[in-house]
Amino acid sequence: MNPALSMHSVSGSRKGGVKILHVTTHMNTGGIANYILSLAKALKGKGLECVIASSGGDMVAELERHGITHRILDIMTKFEFGPKALRSVFKIRRIIEDDGIDIVHCHTRVSQVAGYLASRMAKTPYMTTCHG
């Protein structure tokens with residue numbers, strides 16, 4: 001496990017440990033969605049809590065089957081600075097604040113821009129994984 005994500009280096013803003021928000025454009029079967037599902041399950045096994053925000057997809061049921069929270073986010077676009085991406089900034093910020101998120105982890109180009117801006121507004125640590 002990456003030491004940057006250990007429960008010792010990020011104390012968590014609430015009782016119970018670290019809560020990570022994973023943001024992606026969708027959770028349809030494929031590379032990124034499979035990676036996020038596997039990562040969230042592994043982190044949950046280490047005592048961290050994950051919330052996934054996306055426009056949905058056929059893997060949402062699998063997330064829920066493993067007790068992983070999914071939040072709907074209308075972010076399915078290819079334009080990093082398009083209207084959907086910019087509206088998503090405020091929705092992501094609301095998720096960060098409402099769910100007590102400690103780290104924002106983004107997985108697609110569009111979510112990276114929106115998540116970065118939202119995390120800056122919410123003063124929450126941000127990280128990204130570049131897939132592909």
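This note goes through the sheet, the helix packed on it and a set of salt bridges.

1. The model is predicted: local features need pLDDT of at least 70, side-chain atom pairs count only at pLDDT 80 or more, and totals for chains, interfaces and linings use all residues. Residues are numbered from 1 along each chain as its sequence is written, and side-chain values use heavy atoms, with hydrogens and water left out.

2. Five strands form an open sheet with parallel pairing, in the order β3-β2-β1-β4-β5. Strands here are DSSP runs of E with at least two residues, helices are runs of H or I with at least four, and both are numbered from the N terminus. Two strands count as paired if DSSP finds at least two bridges between them. The edges are β3 (69-72) and β5 (126-128); each has a single partner strand, so one side of each lacks a neighbour in the sheet. From one strand to the next the twist averages 25°, with axes fitted as lines to C-alpha atoms (for helices over the stretch in contact) and angles between N-to-C directions running from 0 to 180 degrees.

3. Strands β1 (residues 19-23) and β4 (residues 103-106) run parallel and are joined by four bridges. Leucine 21 has valine 104 of β4 as its bridge partner. Helix α3 (residues 83-99) packs on the sheet and touches β1, β2 (49-54), β3 and β4, contact meaning heavy atoms within 4.5 Å. The direction of α3 makes about 160° with that of β1.

4. The whole structure holds six salt bridges, each defined as a side-chain nitrogen of Lys or Arg within 4 Å of a carboxyl oxygen of Asp or Glu. One of them joins aspartate 99 and arginine 71 (3.0 Å, N to O). Aspartate 99 lies in helix α3 and arginine 71 in strand β3, so this pair ties together parts 28 residues apart in sequence. Aspartate 99 is buried at 11% relative accessible area, whereas arginine 71 is partly exposed at 31%; buried means under 20%, exposed over 50%, and partly exposed in between (1.4 Å probe, protein chains only).

5. Another salt bridge links glutamate 97 and arginine 93, with the closest N and O atoms 3.0 Å apart. These two residues are four apart in helix α3, or about one helical turn. Both glutamate 97, at 47%, and arginine 93, at 29%, are partly exposed.

6. In helix α2 (residues 60-65), arginine 65 and glutamate 62 are three residues apart, again about one helical turn. Their salt bridge has its closest N and O atoms 2.9 Å apart. Arginine 65 is exposed, at 59% relative accessible area, while glutamate 62 is partly exposed, at 27%.
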